[in-house]
Every structure is written in structure tokens, then in C-alpha cells.
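Here are some questions about the labels used for this structure. Each answer sets a value against its cut-off.

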Amino acid sequence: MHSTAPSRTSARSQYRKICFWTLGALACVVLWDAAGLDLAAAQLFGSAAGFPLRDHWLLVQVMHEGGRYLAWLLVLALTLGVWWPHGVLRDLDVVGRLQLAASALLALAVVSLTKNLSATSCPWDLAEFGGVARHISHWALGTVDGGSGRCFPAGHASAGFAFVGGYFALRRTAPRAARWWLGGAVVAGLVLGVAQQMRGAHFMSHTLWTGWLCWATGGACDIAATVLRPHLTLGAGEPLS
């Protein structure tokens with residue numbers, strides 16, 4: 001009894017901190033939207049003549065195509081790691097390994113589904129940058145801006161942000177690795193998002209909302225894993241049979 005109570009208190013404290021950071025990040029993203037900073041940020045890389053870096057080989061072949069392939073290779077490695085754990089995955093039980101792989105896949109799915117339902121067009125489609133579409137808030141749901149749409153949130157940035165859910169899976173058994181994992185996923189998402197902004201493929205708000213959606217999805221997966229864990233008894237590092 002004496003060891004269980006402190007453990008529950010610690011868990012509640014951790015969840016309060018996570019809720020604080022989740023709501024704080026949401027407030028920052030909403031403030032960016034409210035301040036209308038997207039156009040100003042996009043004008044750093046584009047003009048009425050378009051985006052000079054739109055077809056740059058580094059941004060297209062390395063950052064776009066290479067980043068996407070690398071992300072799917074990591075998803076494959078995490079999925080196989082559920083059965084054959086390696087590296088830091090050996091610190092996790094089977095639920096933790098499932099959580100890590102599932103949170104990445106679900107984050108990618110959430111961003112992709114939201115993107116496919118969006119009527120918001122990309123910066124390079126806007127009249128301000130040589131296109132034909134009007135700049136309309138992505139919260140003007142159902143309003144057609146005259147462009148191709150399906151540009152919100154940033155799908156490519158999710159190739160990095162999708163892995164932030166790994167922090168939740170690792171934080172109990174490998175807190176140091178969890179922090180490094182989170183930092184790497186956030187940096188990767190921001191780098192990929194900025195690369196797409198330089199090309200005119202996304203606004204900064206698209207990238208920020210992608211990051212928040214992936215984080216929230218990871219948190220939801222953590223709650224689900226907490227509920228499921230008592231029903232599965234395999235220990236850390238044991239292969240799933």
C-alpha cells in the first residue's frame with residue numbers, strides 16, 4: 001500500500017504536467033493564427049513571382065522525398081520491433097512497443113485525414129504568390145478559396161512530428177531516451193516544415209498544427225496503453241509470441 005500511493009501520486013503529477021504543456025502549446029498555436037503571421041512568414045521566401053526555391057534539389061529530393069522515405073523506414077522498424085525489440089525498445093514491455101509504433105501510425109493517419117478534408121490551398125496557389133486562390137483562414141470550414149485545397153495541416157512535417165508519441169511510451173522506463181526522442185522528433189518536424197515553407201508548400205501554421213495534432217495523438221495513445229497494460233503480462237524486452 002505504501003508503494004502504490006506514491007506511484008499513483010507521481011502518475012497524476014506527470015499527467016498534470018503533460019496537460020499543462022499540451023494546453024500551453026495549443027494556446028501558442030492559436031495565438032499564431034490569431035496574429036495572422038502566416039503571410040508575413042511566407043513572404044520571407046516568396047513574392048508575386050512565386051517561390052524561387054520551389055524546385056530546389058535539396059528541398060525536393062533530400063528534404064521532401066528523402067525525409068518521407070526515412071520516416072516510413074522508421075515506422076517499419078518500430079513495427080517489427082514489437083516482435084523483435086532492439087536498442088531502446090528492449091526497455092519497453094509489449095504494450096509500450098505497440099504504443100510507440102501505433103502512436104506514429106495514428107498520428108500520420110490523423111494528419112492525412114484532416115488534410116484530405118481541408119479546403120485550404122497552399123501558399124504557392126495564392127494570388128499573393130502568383131497563383132489564383134484567395135487567402136482564407138483554414139478555420140473558415142467549407143469555404144472554397146479558388147485553389148486546389150487539401151493543404152492543411154502540413155502532411156510532410158508529420159514525417160517528423162509523428163514520432164513525438166514515442167516520448168510517452170519511453171518516459172517511464174527510459175526518461176533520458178524519452179527526452180532525446182522527443183527533441184529529435186520536434187526538430188525533425190520543424191526542419192521538414194520549414195523546408196516546405198521555403199518551397200511555398202505550406203504556411204507555418206500548417207506545421208505548428210501538425211506538431212500539436214501529433215502530440216495530442218501520442219497523449220491519447222498513452223491513455224489507451226495505460227488502460228490496456230494490466231490485461232497484458234509480457235515483461236520488458238520479451239518477444240511477442
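Q: What joins the side chains of R171 and D222?
A: A polar contact of 2.9 Å joins them. The model is predicted, and the distance is computed from its atoms.

Q: What makes R171 and D222 a salt bridge as well?
A: The closest N and O atoms of R171 and D222 are 2.9 Å apart. The cut-off is 4 Å between a side-chain nitrogen of Lys or Arg and a carboxyl oxygen of Asp or Glu. The pair therefore counts as a salt bridge. R171 sits in the loop between α6 and α7, D222 in helix α8, 51 residues apart.

Q: Why is R171 called buried?
A: Its relative accessibility is 10%. Buried means under 20%, so R171 qualifies. D222 is buried too, with a relative accessible area of 0%.

Q: Which residues does R171 touch, leaving aside neighbours within four places in sequence?
A: R171 is in contact with Q14, Y15, I18, A178 and D222.

Q: What makes R171, R172 and D222 a network?
A: Salt bridges link the three residues. D222 pairs with R171 at 2.9 Å. D222 also pairs with R172, the closest N and O atoms being 3.3 Å apart. D222 lies in helix α8 and R172 in the loop between α6 and α7, so this pair ties together parts that are 50 residues apart in sequence. R172 has 39% relative accessibility, so it counts as partly exposed.

Q: How do you know that R229 and D93 form a salt bridge?
A: Their side chains meet at 2.8 Å, N to O. The limit is 4 Å, so the pair passes. The bridge links distant parts of the chain: R229 in the segment after α8 (204-228), D93 in the loop between α3 and α4, 136 residues apart. R229 is partly exposed at 25%, whereas D93 is buried at 19%. The structure holds four salt bridges, this one among them.

Q: Why is the pair C122 and C151 called a disulfide?
A: The sulfur atoms of C122 and C151 are 2.2 Å apart. A disulfide needs sulfur atoms within 2.5 Å, so the pair qualifies. The structure holds one disulfide.

Q: What makes the disulfide of C122 and C151 right-handed?
A: The torsion about the S-S bond is about 110°, so the disulfide is right-handed. Both cysteines lie in the loop between α4 (94-117) and α5 (158-161), 29 residues apart. C122 is buried at 10%, and C151 is buried at 0%.

Q: Why is the peptide bond from F152 to P153 called cis?
A: Its omega is near -5°. Most peptide bonds are trans. P153 lies in the loop between α4 and α5.

Key
Residues numbered from 1 in each chain as written. Predicted model: local features only at pLDDT ≥ 70, side-chain atom pairs only at ≥ 80, totals over all residues. Heavy atoms only, no water. Helix = DSSP H or I, 4+ residues; strand = E, 2+ residues; numbered from the N terminus. Buried < 20%, exposed > 50% of the residue type's maximum accessible area, 1.4 Å probe, protein only. Polar contact = N/O pair within 3.5 Å; in protein donor to acceptor, adjacent residues only side chain to side chain. Contact = heavy atoms within 4.5 Å.
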